[in-house]
Amino acid sequence: MTNVAIITALAAEMHPIVRELRLRRRDADFVGDGIIATVAGLGAARVVAACRRLIETHDPQRLVLAGFAGGLGPFLRPGYVFIPQQVINEHGDVMQLVSD
């Protein structure tokens, strides 16, 4: 069972995750105990496609989008974890996020 799927846009963003979680390469993905991770590439369409693929093939309980996110603001520093309360897509639709 896959508990968590992790997606990054860049390989450089994935490297520390693979190292810290001790994930192993499997085809184009990285796997570990209850974890599947992949590098999607740049752009929303690629990230959406990667999310769909991992959801359809692994049915994870959680989906984590990880990355540098440096363009969000100068307040972000290395190691900072940013958890948004909502996501607004390119059409202006707002999705409230639930945390537990």
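Q: How many of the residues of strand β1 are buried?
A: A residue counts as buried when its relative accessible area is under 20%. In this predicted model, four of the five residues of β1 are buried, and the strand is thus mostly covered.

Q: How do strands of a sheet pair, in general?
A: They pair through backbone hydrogen bonds, and the sense may be parallel or antiparallel. Here, five strands make up an open sheet of mixed pairing, ordered β2-β3-β4-β1-β5. At its edges stand β2 (24-26) and β5, each of which pairs on one side only. From one strand to the next, the twist averages 25°.

Q: Which helix packs on this sheet, and which strands does α1 touch?
A: Helix α1 packs on the sheet and is in contact with β1, β3 and β4. The direction of α1 makes about 145° with that of β1.

Q: How many bridges join β1 to β4, and are these strands parallel or antiparallel?
A: The two strands run parallel and are joined by five bridges. Within this pairing, I7 has T38 of β4 as its bridge partner.

Q: How many bridges join β1 to β5?
A: Four bridges do, and this pair is likewise parallel. In β5, V64 is the bridge partner of I6.

Q: In what sense do β2 and β3 pair, parallel or antiparallel?
A: β2 and β3 (residues 29-32) are antiparallel, with three bridges between them. R26 stands opposite D29 of β3.

Q: Is A37 buried or exposed, and which residues does A37 touch?
A: A37 is located in strand β4, residues 35-39. The relative accessible area of A37 is 0%, so this residue is buried. Beyond four places in sequence, its contacts are I6, M14, L23, D29 and F30.

Q: Where is T2 found, and is T2 buried or exposed?
A: T2 is part of the segment before β1.

Q: How many residues line the largest pocket, and which lie nearest its centre?
A: The lining of this pocket comprises 40 residues, with V64, L65, A66, G67 and F82 nearest the centre. Elements that contribute two or more residues are β1, α1 (11-21), α2 (44-58), β5 (62-65), β6 (86-88) and β7 (94-96). The space within amounts to about 1,900 Å³.

Q: How many of the lining residues are nonpolar, polar and charged?
A: The lining of the largest pocket holds 29 nonpolar, seven polar and four charged residues.

How values were computed. Residues numbered from 1 in each chain as written. Predicted model: local features only at pLDDT ≥ 70, side-chain atom pairs only at ≥ 80, totals over all residues. Heavy atoms only, no water. Buried < 20%, exposed > 50% of the residue type's maximum accessible area, 1.4 Å probe, protein only. Contact = heavy atoms within 4.5 Å. 1 Å grid on protein atoms, 1.4 Å probe; cavity = no way out; pocket = protein on both sides within 12 Å on 5 of 7 lines; lining within 4 Å. Points joined across faces, edges and corners; volume = space filled by probe spheres on them. Nonpolar A, V, L, I, M, F, W, Y, C, P; charged D, E, K, R; others polar. Pairing = 2+ DSSP bridges. Axes fitted to C-alpha atoms, helices over the stretch in contact; angles between N-to-C directions.
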